[in-house]
Amino acid sequence: MSNTSFFPNTRLRRTRATQWSRAMVRETMLSPADLIWPLFVTEGEAVEDPILSLPGVSRWSVDQIVVRAAEAIDLGIPCIALFPNTQPERRSEDGEEALNPDNLMCRAIRAIKQAHGDAIGILTDVALDPYTSHGQDGLIDDSGYVLNDETVAVLVDQAINQANAGADIIAPSDMMDGRIGAIRKALEMNGHPNVQIMSYAAKYASAFYGPFRDAVGSSGLLKGNKKTYQMDPSNSDEAMREVAMDIAEGADSVMVKPGLPYLDIVRRVRDQFDVPVFAYQVSGEYAMIEAAAAAGAGDRDALVLETLMAFKRAGCSGILTYHAALAARLLNG
């Protein structure tokens, strides 16, 4: 700050006096290309199933997911993220449905690719919680502890299943140790060298995930908690170790989850590592904005854009957000 002169030679309000001047000196830019749109897939045809805990968000049947993908393309959103709402009868202790080449996720991937080709990217979640009867992200032992190495073996097969269907980005959200290296090796060995890995590298054991678990049908099933594998919200240095390990194992990009409560982690990752960093504005964050807008505590459009700008200002290459379509319309406006 030594090159800053004193008032009145310097009046910082000068460049704020007009819209054109504010635009000219703006440091951070937000565009639809910065957004990834999470979408929930469900069974049936022509189905839109609203999620009560996520006002404005629905589960969509495969045919309607294809329509949502077309909407994203028109809005300039470069990528969608898919999450399945697996039927209870298809859930099991070992999450076997994750390996079914005709499961909801794979059918949605193929349908989008058939309709839109490479006009939009498809990011797919790799974890077992949408498929297990106990709601945990992996295989469990008799005490309920999530087994690491045994789970990684299944996650590798799940990732290859999705890549075979046409997934562009594999996004392991399970937080098992060593899964990035194992998945990268398997992708190379199975003819998918260009499939990216976006690692949920710093995923915290957060209180903000509730509506998401409703959306994928696992909230009432979860036995225990996920604190033995998701990160302690108190820890920051540990997140840097997680990111470093995942990059070394072959992650093309990394994710911090949740978003706003962890912008300090985003900034540390951006400053410390030369890799694209994304944040997930999770379901609880979305629901709070919607609740504030519904209560008249703030303008929805302004709240959405200011929040997304905060992610970019903190150093995000992009943001996963349920507000992606709304934000894109506002930005295209």
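## Strands around E3

Strand E1 (residues 35–42) and strand E3 pair in the parallel sense over three bridges; helices (H or I, at least four residues) and strands (E, at least two) are DSSP runs, numbered from the N terminus, and two strands pair if DSSP finds at least two bridges between them. This is a predicted model, so local features need pLDDT of at least 70 and side-chain atom pairs count only at pLDDT 80 or more, while totals for chains, interfaces and linings use all residues. Residues are numbered from 1 along each chain as its sequence is written, and side-chain values use heavy atoms, with hydrogens and water left out.

Back to E3: Val41 stands opposite Trp60 there. Strand E2 (residues 48–50) is joined to E3 by three bridges too, but these two run antiparallel, with Asp49 having Arg59 as its bridge partner in E3. In a regular strand the side chains alternate between the two faces of the sheet. In E3 (residues 58–61), Ser58 and Trp60 point one way and Arg59 and Ser61 the other way, and all are buried; buried means under 20% relative accessible area, exposed over 50%, and partly exposed in between (1.4 Å probe, protein chains only).

## Strands E5 and E6

Here's another parallel pair: strand E5 (residues 121–126) and E6, over four bridges. Val126 has Pro172 as its bridge partner in E6. From E6 (residues 169–172), Ile169 and Ala171 point one way, Ile170 and Pro172 go the other way, and all are buried.

Most residues other than glycine have a negative phi, and most peptide bonds are trans. Ala46 has a phi near 55 degrees, a positive value in a residue other than glycine. Ala46 sits in the loop between E1 and E2 and counts as exposed because its relative accessibility is 60%. Met175 also has a positive phi, near 70 degrees, and its place is in the loop between E6 and helix H5 (179–189). Met175 counts as buried, because its relative accessibility is 4%.

Then there are the cis peptide bonds. One joins Phe7 and Pro8, with omega about 10 degrees, and Pro8 lies in the segment before helix H1 (19–24). Another runs from Lys257 to Pro258, with omega near -5 degrees; Pro258 is in the loop between strand E8 (253–257) and helix H8 (263–272).

Glu89 is found in the loop between strand E4 (79–84) and helix H3 (104–116). Glu89 has a relative accessible area of 61%, so it is exposed. Glu89 and Tyr131 are 42 residues apart in sequence and 9.9 Å apart in space, C-alpha to C-alpha.

Ala115 lies in helix H3 and counts as partly exposed, because its relative accessibility is 45%. From Ala115 to Ile80 is 35 residues in sequence and 14 Å in space, C-alpha to C-alpha.

## The whole chain

Zooming out, the protein has 11 helices and 10 strands, and 53% of its 333 residues count as buried. Its radius of gyration is 20 Å, which agrees with the value near 20 Å for a compact globule of 333 residues (taken over C-alpha atoms; the globule rule is 2.2 Å times the number of residues to the power 0.38). The C-alpha atoms fill a box of roughly 70 × 45 × 40 Å along the principal axes.

Among contacts (heavy atoms within 4.5 Å) between residues at least 6 apart in sequence, 75% join residues at least 24 apart.
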